[in-house]
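Here's a short briefing to read with the model open beside you. Take a look at the fold, then work through the notes below.

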Amino acid sequence: MLIELLHNGVINKETFLLQNYKKIGLNENQVIIILSVLKRCENNDKTYITPELFAPYMTIPLDAISDEIDDLVEKGLVKVTSKNLIFDGVYEAIAIKLEIEREQQEGEEFIAKLNANLQENISYEDLAYLKTLLATGYSREKILKTSKEGQVKTFKDLKNKILNKNAKKPSIIMYDWLND
């Protein structure tokens, strides 16, 4: 979704890049090259893009500029076409990195809330069980709601409560609707 927002111009590409370039291991020279190409594309400049175009605007030698572009291509962040450099890989890498960070933060907040509700710290074995629960369709909200119930004081209580809820689920009965 973040990529779509970038392509549609809802999020400013330059600002997005400047705020997040370190997260994917870009250096300042690479960022300047990317921003320069983006500016040329914005102005509909159809000039063939070469390192010589960037040399007057940068303090590094021509070989270093070429090396920076090669590094971007090797990392899979830039594609080279006949007349242009395409930076979709840069934005995709940043979007993926941001999503991973967001997921980790939500996971940490979830564990902190669960620890507070249970009034104990969760062990590594308990974390493995939680991952299994989440993978089988339990939501974090459902687990937190169960942990707030009156009789749940420890993770063992939480686990038993969840197992009991699963055991009480009504099963689907085979019913012949066509003959009735």
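Predicted model: local features only at pLDDT ≥ 70, side-chain atom pairs only at ≥ 80, totals over all residues.

Residues are numbered from 1 along each chain as its sequence is written, and side-chain values use heavy atoms, with hydrogens and water left out. Helices here are DSSP runs (H or I, at least four residues), numbered from the N terminus.

**The largest pocket**

- A pocket is an open set of points on a 1 Å grid over the protein atoms alone, with protein on both sides within 12 Å along at least five of seven lines, and its lining residues have an atom within 4 Å of a point.
- The space in the largest pocket comes to about 190 Å³, where a volume is the space filled by probe spheres set on the grid points, which are joined across faces, edges and corners.
- Its lining is made up of E103, Q104, G107, F110, I111, L127, L130, K131, L134 and R140.
- Two elements, α6 and α7 (124–135), each give two or more residues to that lining.
- Sorted by class, the pocket lining has five nonpolar, two polar and three charged residues (Ala, Val, Leu, Ile, Met, Phe, Trp, Tyr, Cys and Pro count as nonpolar, Asp, Glu, Lys and Arg as charged, and the others, Gly among them, as polar).

**The cavity**

- You'll find one cavity of 30 Å³ or more in the structure (a cavity is a set of grid points where a 1.4 Å probe fits but cannot get out).
- About 40 Å³ of space lies in the largest cavity, and I3, L6, H7, K13, D88, Y91 and E92 line it.
- The elements giving two or more residues to this lining are α1 (2–7) and α6.
- Three of the cavity's lining residues are nonpolar, one is polar and three are charged.

**How helices cross**

- The axes of α2 and α3 come within 11 Å and cross at roughly 175° (axes are lines fitted to C-alpha atoms, for helices over the stretch in contact, and angles run from 0 to 180 degrees between N-to-C directions).
- That makes α2 roughly antiparallel to α3, a label for angles over 145 degrees.
- Touching here (contact means heavy atoms within 4.5 Å) are E14, L17 and L18 of α2 and V31, I34, L35, L38 and E42 of α3.
- Now for another pair: the axes of α3 (residues 28–42) and α5 (residues 62–74) come within 10 Å and cross at roughly 85°.
- So α3 and α5 are roughly perpendicular to each other, the label for 65 to 115 degrees.
- N29, Q30, I33 and I34 of α3 meet I65, E68, I69, D71 and L72 of α5.

**Two residues to look up**

- N115 lies in helix α6 (residues 88–118).
- Is N115 buried or exposed? N115 is buried, because its relative accessible area is 18% (buried means under 20%, exposed over 50% and partly exposed in between, with a 1.4 Å probe and protein chains only).
- K23 sits in the loop between α2 (13–20) and α3, and counts as partly exposed at 34% relative accessibility.
- Leaving aside neighbours within four places in sequence, K23 is in contact with K97, L98 and E101.

Key. Parallel < 35°, antiparallel > 145°, perpendicular 65-115°, else oblique.
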